[in-house]
Every structure is written in C-alpha cells, then in structure tokens.
Amino acid sequence: MSTTTETANNPQADVYNGEWTAGVIGGIAGAMVMAAAIIAMNTPTLAVAIPSLYTLAPPANVGLGLFVHLSHGAILGVIFAALIGVGEFSGLGARVGVGVVWGVITWAGFAALVMPVWLGAVGSPASPPLPNFAPPSLLWHLLYGVVLGVIYDVSEDIA
C-alpha cells in the first residue's frame with residue numbers, strides 16, 4: 001500500500017504545492033508598482049489612509065503604509081493563486097486577464113466599499129465617502145492586477 005498522495009490534475013494541490021508562493025511574489029510586486037503610482041498621484045492614501053486601517057496613523061507614515069499595503073498585496077496574491085488553480089487558467093494572457101478582473105474586484109470590494117466603512121469605524125481622519133469609486137484607485141488596482149498576473153505566470157515554475 002502506497003502512502004503517496006496523488007496531486008496530478010488536482011488544481012487545489014497546485015496552491016498547496018508552491019503556486020501560492022508565486023501568488024505572494026506576484027502580490028508583493030503588484031503592490032510595489034501600485035504603491036509607486038499612489039505615491040506619484042496621492043501620497044496621503046499610502047501615508048495616512050492605509051495605515052489608519054490599523055490605527056497606525058496619524059501621524060502620516062509612508063513606511064507603515066507601505067508595510068500594510070505590501071502585506072495586503074501578498075495576501076490577495078495568495079487568493080489570486082487559488083483562483084488561478086481552481087479555474088485552471090494557464091498562459092500569460094489568461095493570467096493577466098484574471099489579474100485585471102481581480103484588480104477590479106479588489107477595487108470595488110475593498111477600496112470602494114470595505115475601506116471607507118473600516119476607516120469610519122476606527123475614526124480615521126482619512127475616511128473617504130461611501131462608496132468610494134475613485135478612478136485613480138481603479139487605475140492603481142488595475143496596475144496591481146496586471147503585475148500580479150505577469151509575475152505569477154513568470155514565477156510559478158521557479159517558486
């Protein structure tokens with residue numbers, strides 16, 4: 001009797017056996033590119049709003065905001081890896097496409113709906129209106145999704 005577990009043709013095994021690492025790598029890379037765009041367009045988002053989620057601001061602190069933002073990027077990258085595995089999406093184009101959709105979902109769900117409620121609940125001075133469907137934020141999340149999809153595809157075999 002064999003104790004080996006069969007993982008062939010099991011998309012869930014892909015997440016458990018390493019593709020989640022590609023999700024973390026892609027998620028951090030996407031969050032870094034997104035953070036650069038945020039800094040270029042609206043630094044207070046990264047310096048006040050994002051760290052305020054965990055009552056780490058004010059005062060404004062880009063470093064704490066970046067830490068929180070990269071952490072969120074990594075976690076959302078793991079969820080992306082699970083979606084890729086379950087949907088059995090392969091190839092750069094498909095993964096970038098899923099990344100774009102994931103960017104829109106994270107923008108609409110987290111940035112536009114959850115973040116305003118959460119910031120209001122913690123009493124942040126950076127609390128935006130609800131809903132907060134801000135076009136610059138959509139751009140930032142699309143950048144995240146594209147970079148996530150590309151880096152995931154490139155790194156899944158080496159992760």
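This is a predicted model: local features need pLDDT of at least 70, side-chain atom pairs count only at pLDDT 80 or more; totals for chains, interfaces and linings use all residues.

Residues are numbered from 1 along each chain as its sequence is written, and side-chain values use heavy atoms, with hydrogens and water left out.

Start by selecting residues 62–87 and 92–121, helix 2 and helix 3 (helices are DSSP runs of H or I, at least four residues, numbered from the N terminus). They pack at about 130°, axes 11 Å apart (axes are lines fitted to C-alpha atoms over the stretch in contact; angles run from 0 to 180 degrees between N-to-C directions).

Now show side chains. From helix 2, pick Leu-76, Ile-79, Phe-80, Leu-83 and Ile-84; from helix 3, Arg-95, Val-98, Gly-99, Trp-102, Thr-106 and Phe-110. These make the contact (heavy atoms within 4.5 Å). By class, that is 8 nonpolar, 2 polar and 1 charged (Ala, Val, Leu, Ile, Met, Phe, Trp, Tyr, Cys and Pro are nonpolar; Asp, Glu, Lys and Arg charged; the others polar).

Next, centre on Ile-50, Phe-110, Ala-111, Met-115 and His-141, which lie nearest the centre of the largest pocket, among 32 lining residues. Helix 1 (11–52), helix 2, helix 3 and helix 4 (135–155) each supply at least two lining residues, with the largest share, 9, from helix 1. The lining has 23 nonpolar, 9 polar and no charged residues.

Definitions and conventions
On a 1 Å grid over the protein atoms alone, a cavity is a set of points where a 1.4 Å probe fits but cannot get out, and a pocket is an open set with protein on both sides within 12 Å along at least five of seven lines; lining residues have an atom within 4 Å of a point.
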